[in-house]
Every structure is written in C-alpha cells, then in structure tokens.
Amino acid sequence: MSIHLATITRHQRNQVRALRKKKNRREQGLFIVEGFKSVQELLKSDYSIVEVIMTSSMAKKLKKTMRRVIPIAVTDKTTISSIGSLAQNEGVIAIAQCKKNVQPVITTTSRLLIADNIQNPSNLGALMRIADWYGIEAMIASSTSVDCYNSKVIQASMGSFTRVPIYYTSLGKFLKKLKMTIVGATLSGHKLHEQQLPRQGALVVGNESQGISSSIEPYLTQKVTIPRYGQAQSLNVAVAAGIICDYWLKKSAQ
C-alpha cells in the first residue's frame with residue numbers, strides 16, 4: 001500500500017468536486033465512492049481504483065483489507081467533507097474508473113431486474129442492493145434512469161454496485177428481443193400471491209410516480225400487483241421490488 005502523507009493538491013480537490021456531476025463523470029470515465037463500507041467493498045472488487053483520499057485514522061482502519069497497491073493521499077476530515085457530495089462520508093473518498101456500458105450475458109437460466117425511468121438515486125441504489133440480496137445476475141435500466149455512478153446511488157447500494165452489473169439501454173428495443181417471461185409490477189396486475197411466476201425471467205419496475213411506461217407495457221407477458229390491506233396509496237418502488245423478488249425466489253425454490 002502506497003501512502004502519501006502530504007496534503008492533497010488543489011487539482012485533487014477540484015477533480016473530486018467535478019466528479020459530483022454526471023457530465024464530468026462521463027467525460028473523465030471516473031466516479032467517486034464515499035464512506036467506509038462502500039470504499040471497503042470497492043477495494044475488494046475488480047474495479048480499477050485511481051486513488052483513495054482519507055484521514056490517517058481511516059487509512060489504518062482500511063489497511064487491513066488492502067489487497068493491492070493503491071495510491072493514497074492522507075488529509076484532514078474537514079477537507080474530505082468539503083470536497084465530497086455526502087453529508088457524512090466518514091473521512092474517506094475513492095476515485096475509480098467507470099465500467100463500460102456492456103450488455104450482460106443472458107441465458108435461459110438468467111434472472112433480471114429491469115428499472116424503467118427510476119429517478120430517485122436512493123431507489124436505484126436500493127434496487128441494486130435487492131438484486132444482490134436475491135442473487136439476481138444483472139440489472140437493466142432505461143436510458144432515462146438516474147446515473148448508477150451518482151454518489152447517492154453508490155451509498156444506497158451499500159457495496160452492491162460492485163457485484164450487480166447494470167446496463168443502460170432503450171428498454172423497448174431490449175425487451176422486444178428478450179426471449180423470456182417479462183413480469184411487470186403494476187397496480188392493474190393480478191394479485192401477486194395468486195400467480196405462478198417463472199423460475200427464470202425478468203421483473204420490470206417503473207417510475208416512482210408514473211409506474212411502468214406505456215411504451216413498455218406491450219412487452220410484458222405477465223402483470224402482478226401486491227395486495228393492499230391498509231390505506232396507503234402506494235409502495236416505494238424498492239420495497240415493492242423486494243416483496244416481489246422474495247415471492248419470486250421462494251416459489252422458484254419449491
């Protein structure tokens with residue numbers, strides 16, 4: 001592990017600040033990861049890491065999990081808080097290279113989670129975490145969904161961004177060619193617990209306020225809804241996805 005004890009340079013500070021914006025992340029092919037848990041997961045992953053900026057106490061804490069030589073700049077917590085995008089980043093920020101937007105290999109045994117126009121970063125991060133929990137191989141996202149390298153997405157995924165690949169594309173064209181059962185979570189669907197879901201397939205969840213896009217609905221081969229027993233008007237999209245995935249995987253295992 002390589003540790004630079006000097007104060008970080010103005011260039012380094014400006015680079016981190018610039019990567020808060022999607023435009024700059026795309027141009028530079030870099031993104032930032034903040035917080036101990038997320039950086040720890042990043043260090044264990046196959047992501048290419050450019051640099052880690054952290055406090056000296058955090059360097060000692062993370063040194064135990066270091067398995068490769070990575071440039072590290074040590075500075076004070078106030079400086080790290082001022083350049084990061086999160087209110088609480090625990091005194092550690094990593095700069096890593098974005099992965100190419102490549103369609104994952106899809107086989108007859110694949111399970112996919114498809115995000116249609118998800119705008120809230122925390123929701124997309126939670127969906128990645130759910131996919132990771134239930135062993136779903138990959139996520140597909142519409143080109144209108146929030147950037148997966150947004151810091152709030154990374155934070156909400158709790159490290160799952162390192163294990164669940166996400167591919168951005170035009171969902172209409174993608175679903176038209178997809179040779180598997182496509183289940184859509186809609187308010188007009190059949191009651192979830194009365195349905196037989198396929199062992200393999202794709203689950204589509206839609207926009208937080210508008211649901212699944214009308215242009216996508218024709219490609220759904222099955223529509224399900226979670227029965228409501230109380231007075232709530234709707235469920236958070238990640239909560240709904242978790243409920244459906246749990247039923248899906250449970251029934252598949254039987």
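**Exercise 1. Classify Met 158 in this predicted model: is the residue buried, partly exposed or exposed?**

Solution. Step 1: the relative accessibility of Met 158 is 33%. Step 2: buried requires under 20% and exposed requires over 50%, with partly exposed in between. Step 3: Met 158 therefore counts as partly exposed. Step 4: for its setting, Met 158 sits in the loop that links helix 7 (151-157) and strand 8 (166-169). Its phi is positive, about 55 degrees, although the residue is not a glycine.

**Exercise 2. Describe Glu 90 by its backbone angle phi, its location and its accessibility.**

Solution. Step 1: phi of Glu 90 is near 60 degrees, which is positive in a residue other than glycine. Step 2: Glu 90 belongs to the loop between helix 5 (77-83) and strand 5 (92-97). Step 3: with a relative accessibility of 43%, Glu 90 is classed as partly exposed.

**Exercise 3. Which residues of helix 1 are buried, and which exposed residues does the opposite face carry?**

Solution. Step 1: helix 1 spans residues 10-18, and Gln 12, Gln 15 and Val 16 are buried there. Step 2: these three lie on the same side of helix 1, because the arc they cover around the axis is only 95 degrees. Step 3: an α-helix has 3.6 residues a turn, so positions three or four apart point the same way. Step 4: on the face turned away from the buried side are the exposed residues Arg 10 and His 11.

**Exercise 4. In what sense do strand 3 and strand 4 pair, and what is the hand of the crossover between them?**

Solution. Step 1: strand 3 (residues 49-54) pairs with strand 4 (residues 71-74) in the parallel sense, over 3 bridges. Step 2: Met 54 has Val 74 in strand 4 as its bridge partner. Step 3: from strand 3 the chain passes through helix 4 (residues 56-63) to strand 4, a right-handed β-α-β crossover.

How values were computed
Residues numbered from 1 in each chain as written. Predicted model: local features only at pLDDT ≥ 70, side-chain atom pairs only at ≥ 80, totals over all residues. Heavy atoms only, no water. Helix = DSSP H or I, 4+ residues; strand = E, 2+ residues; numbered from the N terminus. Buried < 20%, exposed > 50% of the residue type's maximum accessible area, 1.4 Å probe, protein only. Pairing = 2+ DSSP bridges. Right-handed = clockwise from strand over helix to strand, strands pointing away. Arc of directions from axis to C-beta.
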